[in-house]
Amino acid sequence: MGDPKEAGAEGPPAGAAARGGLSLLSQGEPEEPSAQGSALFLGGNEVKSRAVVKYSSAPPRTAFARLEEKTDLKLPPANWLRESAKLGPAGTTILGNSKKSKPFSSFGMAYDFIDSVGNDVDVVSDSENIKKLLKIPYSKSHVSMAVHRIGRTLLLDELDIQELFMRSSQTGDWTWLKEFYQRLIDQKWQRKKKSKEHWYQKAILSKFLYYSINGDGAAQPVPSTAEQQESSSSDQTNDSQGASWPAPFEMPSSVSEDPSASSQGLKNDFVRNILWTFEDIHMLVGSNMPIFGGGRYPAVSLRLRDNNKPINVLTGIDYWLDNLICNVPELVMCFHVNGIVQKYEMIKTEEIPNLENSNFSTKVIKDIAQNILSFLKSNCTKEGHTYWLFKASGSDIVKLYDLTTLCEETEDKYQNPFTMPVAILLYKVACNMMMKKNQNKKHYGTIRTLLLNCLKLLDKSRHPQIIASANYMLSELFQLDEPKKEENSESPLNENSDESYSEEEEEMPDSDENGSYSTSSDPSDDSKAVAIIKSVGELSVPEKYKSIHQIRPSCAFPVCHDTEERCRLVLSYVLEGLKSVDSSIKKESDLPAADPSTPIPLKYEDESTRGDPEGPEKQMALFLDKMGSLQKGNYSSQSGMIPGSWQHKMKLQLILKSSKAYYVLSDAAMSLQKYGRALRYIKLALQSHDTYCCLCTNMLSEVLLFLSQYLTLCGDIQLMLAQNANNRAAHLEEFHYQTKEDQEILHSLHRESSCQGFAWATDLSTDLESQLSVSCKCYEAANEILQFSDLKSQNPEHYVQVLKRMGNIRNEIGVFYMNQAAALQSERVVSKSVSAAEQQLWKKSFSCFEKGIHNFESIEDATNAALLLCNTGRLMRICAQAHCGAGDEFKREFSPEEGLYYNKAIDYYLKALRSLGTRDIHPAVWDSVNWELSTTYFTMATLQQDYAPLSRKAQEQIEKEVSEAMMKSLKYCDVDSVSARQPLCQYRAATIHHRLASMYHSCLRNQVGDEHLRKQHRVLADLHYTKATKLFQLLKDAPCELLRVQLERVAFAEFQMTSQNSNVGKLKTLSGALDIMVRTEHAFQLIQKELVEEFGQPKSGDAAPAADASPSLNREEVMKLLSIFESRLSFLLLQSIKLLSSTKKKTSNNIEEDAVLKTNKHIYSQLLRATANKTATLLERINVIVHLLGQLATAGSAASSSAIQ
């Protein structure tokens, strides 16, 4: 008999085309009104039953033909066992409801409806098995079923012991189960042959159904005895084929090599697949029951009954359940006597439980169903294990055995033929869950458990593809690129406790059971059974068995709080996958020779079809060649993998995953400042990627982006190693350390490639320059990759980061060369001229800065561009300083080269300010550039002033240039903004005013002639002295500078006095000079305070020399300035006394002048006595001066209004 679904069993259930033309019924189609479901009220007890047809291969329903009375069913109809248009492509088996189910029938359904398995459905099984279970309390016949658990779902299949042991006798398989069965259950097992009556009843039913669908009543002659025997024997053959048991691991290659394909023994052979909800139990049921149209209802089931045999309870339950499962509202029974049709009777489905001699309670059936499901759920707890539910014929005891555990006690644990289908189903369910994009992380624990259990069942040597694929999926569960929120993600992962479970919890009872097995000595002992129902009567007691064991107990997907832990888990799965792939690759000698009739494909078409000879692929090939990745342009695998094979595809995916994991490990090590470790991991990532490049001819843009990211990180690591040279030994040790896992992964990579493609990027050099150079080369390579195809525009953030890093590393290298040039300059003593080495370093430094500025400007990073412009300005200043050493120190002049480079420096600083635009962009950088610009102007002006180029320029021109430069320096020196640099700015501004005042003072002394110009210089000198004094007074750490400015002001006053003729004018100027002297008291007080603190410090012992070191220079300056101050004060007092005395002789009425004269004489005498004392200490001398200035200030306060206007 034909297989009704042979044409399309392997396809998905979602479309008719996939079913080889078989129709898929939606809920609205007339084939199955059950699609709407129903709740039937039977005998006052409500039993909820709803059936939804998920798939049907039955042709459009036809009305059954009512046979005439006296029709002889022993005669075959004309259409018997022949295909008919009415039957459709499903063939003749649509009517063979007695056809025996195959041992893996539930797996076939599970494969087709993978979405339902593990979550929504409680049971997947043949309807015959469901009926057999629900009839256990009523029946004396034996029950033998295999039970498997996948997630929440139990798969039930008939385990035909007779068929199994008959096979065992022929092949030697299952001998362990046969011995176990004979020892514990049935010591005198014998093959039971089916009676002639069985075959007679089967034949007469088949003929009746063909008559019913044919309807023409045409009878054929009864076949001879020989023909009948032949017919029955062929029936028997088909029957035994239908229940054929595959030998362990004799699955067709389609299963072992391609997990997505179904094997011959795992087809969904049912005419209908129905989602049946019975009370709260959800079942996916396969049914072959023939359904006809006609009668009061659109669907009826047709039964043939012997009129001499009344319907019993078992038959009633059978009919009732069949109708419920298929949602058929009516039953039509045809009664016969010895094959002669007598009459028909119509019975409603809800009336079946109340038939005479067939009374049964639907409530009890419901309790039985719930109890059996609870019993199985409570005890079939281990995913991947094969359980055996067994009840001996005539026995009331039901036992449940764990065949997997029993099988593992034998020599070959793969003797269980269910192992492979279970593993495949676990794999398929996991695949299905992985592919659902809307799944969230709470399902990851479920997927992981499914895959781990799948791997436990498979033999590594026999199923490398599934093992490799499962390991890859396990690695995919751990998101490597997710943000670091492990602690936060713990709660959503664990919130759904029934989604996953702890393997450790399951292993505990396993070991206990093993212990109890080993101690059992009594052959009749039931300790081998996992669980026992002591009496089938218990099943009828409501809620006798409760599912206390959760299908998925407590745990969830393991939470990796540590990035390294997560990556290590991923790499362990990747390694297992790689081992599996490598073990399956044949040696070159085993590879098939080339077929002479098949042309060898050549790759010359790509150029012409692409049209663009410089396409991304060619660019990438050239780039990899430049990086040293491709050996002689060879893409092929060294291990002999065939491109396009599953090994090739899987290894590519695993290698890519390993490279990602190593990249994340490297990034994590980088953040922990473990730079040696980070370099080791990024080396492994690049080696993985290099192998990928060697194997993959068509590079995806995503993979190119990964390479760019790897090289960027490598550049970061090399830069950090360059900047942390002091810890080089520790970094070196970390770099050379390698785990066994890493070595094995590298070994697998070396099977395909030399892995030397990016070796230059991961060398741990001890030379700073080479480290910086490698870092720069990494960034350049990363940037070059982004230029391919459209990566730059697709990943703008990464592109910006790469360019920022390129700008930064070029700045670092520029600074490195600049510092080297400065060091050479400082070491240059004998040769005054600039060396060629210095000039070469300038050029290198300038080139780096220029490229860096271009990088930052291309991404509109004004701040960093300004910083690099600032560094270029600094380089120009170093160049200027290098040219200042030429010539004799005494005859030195400010050279044109110095001026040129200082002006270039100024240009770069001004560009930096223009780049920033306003201070608001980045105040700190803005202030820094302003300060550098001010410093450059100040330095240039100072050098021009101190080393005036009189041989080239006139004095007036030099003074003008100095003045302009000083004023520009003042312009960029911000004295008002409160910041850490404010005191420096104030000191700089005070120094500029002081220098300008000194210059104008000098001009005034040396100038003869133009009175207007002299007056202008006098005013400017006075103005700048005043400003310098004010600024120095704001500073607490510049008393000497303040003192010097005040002394110069006194000298300026003295110079003015020399040009005065009248005593009144001179006296006025003298009073002003003395007033300046009085104002120096603040400076002396600061010096006094500093000296007091200095004298107080030596008490602390050893700290004295260090504390004394800095003021010692200051003390000499103070001594010098103090001596000048004493002499000038003495001179001013003496001149004041002389002038006041001479005016007193002429006019004797001025009382104020008399008081001033008297005070001045007194102070003068004290000063003379103090200066005469050569033994006085510096502090004592300053104390005297402070005292005298105080007296002078008090005395002069009365006369100040008249003396100074």
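**View 1. Asn-811 is a buried residue of helix α26**. The model is predicted; local features need pLDDT of at least 70, side-chain atom pairs count only at pLDDT 80 or more, and totals for chains, interfaces and linings use all residues. Residues are numbered from 1 along each chain as its sequence is written, and side-chain values use heavy atoms, with hydrogens and water left out. Asn-811 has a relative accessible area of 14%, and buried means under 20% (1.4 Å probe, protein chains only). Its helix, α26, spans residues 796–827. Helices are DSSP runs of H or I with at least four residues, numbered from the N terminus.

View 2. Contact means heavy atoms within 4.5 Å.

**View 3. Helices α19 and α21 cross at roughly 30°**. Helix α19 covers residues 646–671, and α21 covers residues 701–723. Their axes come within 11 Å. Axes are lines fitted to C-alpha atoms over the stretch in contact, and angles run from 0 to 180 degrees between N-to-C directions. The two helices are therefore roughly parallel, a term for angles under 35 degrees.

**View 4. Side chains of both helices line the contact of α19 with α21**. From α19 come residues including Leu-656, Tyr-663 and Met-670. From α21 come residues including Phe-706, Leu-713 and Met-720. The contact residues divide into nine nonpolar, three polar and three charged. Ala, Val, Leu, Ile, Met, Phe, Trp, Tyr, Cys and Pro count as nonpolar, Asp, Glu, Lys and Arg as charged, and the others, Gly among them, as polar.

How values were computed. Parallel < 35°, antiparallel > 145°, perpendicular 65-115°, else oblique. Buried < 20%, exposed > 50% of the residue type's maximum accessible area, 1.4 Å probe, protein only.
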